[in-house]
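I opened this notebook to record what I looked up in one structure. The entries follow the order in which I went through it.

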Amino acid sequence: MPNPCNDTDFLEKSMLRGEEESLVPEDDLFLIDQTARDFIELTAAEYEGYRSRLQKEQDIFFSPSFRQVPPNQKIAENMQPRYLEDEGLYIGERPKVSRTNQNLLENRILQQDEGKNWFGDDGNILALPNPIKASPTRPPIFSLHEGIDPALETIYVKNMTLH
């Protein structure tokens, strides 16, 4: 591969070119004739009124009511509420839910198309009995300070290697 520094044409061209002469022709340079102010567009501040913003939010978002739902809306038409505990059947203790949260949930469910599937014969939301037990079911953990049955006591033996 020939060395460009030894090339006579290259040397002649570099000697003819002066120090003030640019290596790149001026028409190839990217020159910016604009300032930063030319790129900024000034417009008036946009303001939307409080009432119009509230109206748009009400159209977009759904916020359920805190009011209690009448029982006739929660059960099927032409049916009377049926209370199984009055008929002598055992019904487990339901989880405790505040009345406000229950009203919100019922209103939200009824807003759906098939919301009545979530309600039982008595008009309450279908729920399993409370899963939190009053008494623990795990065996007690013995502390090291109490007396432990010698058959259950763990004895530590140091590892020994045979030579």
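Entry one, a single residue. I looked up Asn-103 and found it in helix H4, residues 99-111. For helices I used DSSP runs of H or I of at least four residues, and for strands runs of E of at least two, numbered from the N terminus. The model is predicted, so I kept to its limits: local features need pLDDT of at least 70, side-chain atom pairs count only at pLDDT 80 or more, and totals for chains, interfaces and linings use all residues. Residues are numbered from 1 along each chain as its sequence is written, and side-chain values use heavy atoms, with hydrogens and water left out.

Is Asn-103 buried or exposed? I noted Asn-103 as buried because its relative accessible area is 6% (buried is under 20%, exposed over 50%, partly exposed in between, with a 1.4 Å probe and protein chains only). Setting aside neighbours within four places in sequence, I listed Ser-65, Phe-66, Arg-67 and Gln-68 as the contacts of Asn-103 (heavy atoms within 4.5 Å).

Entry two, the whole protein. I counted 4 helices and 0 strands, in the order α-α-α-α from the N terminus. Of the 163 residues, 10% count as buried. Among contacts between residues at least 6 apart in sequence, 64% join residues at least 24 apart.

I read a mean pLDDT of 77 for the protein, with 74% of residues at 70 or more (pLDDT is the predictor's confidence in each residue, from 0 to 100). Confidence is lowest in helix H1, residues 8-16, at a mean of 60, and highest in helix H2, residues 50-60, at 93.

I took a pocket as an open set of points on a 1 Å grid over the protein atoms alone, where a 1.4 Å probe fits, with protein on both sides within 12 Å along at least five of seven lines; lining residues have an atom within 4 Å of a point. The largest pocket holds about 290 Å³ of space. Its lining has 16 residues, and Leu-84, Glu-85, Ile-91, Arg-94 and Asp-122 lie nearest the centre.

Which residues line the second largest pocket? I wrote down Arg-94, Pro-95, Val-97, Asn-101, Gln-102, Leu-105, Ile-125, Leu-126 and Ala-127. The space in this second largest pocket is about 170 Å³.

Conventions:
Grid points are joined across faces, edges and corners, and a volume is the space filled by probe spheres set on the points.
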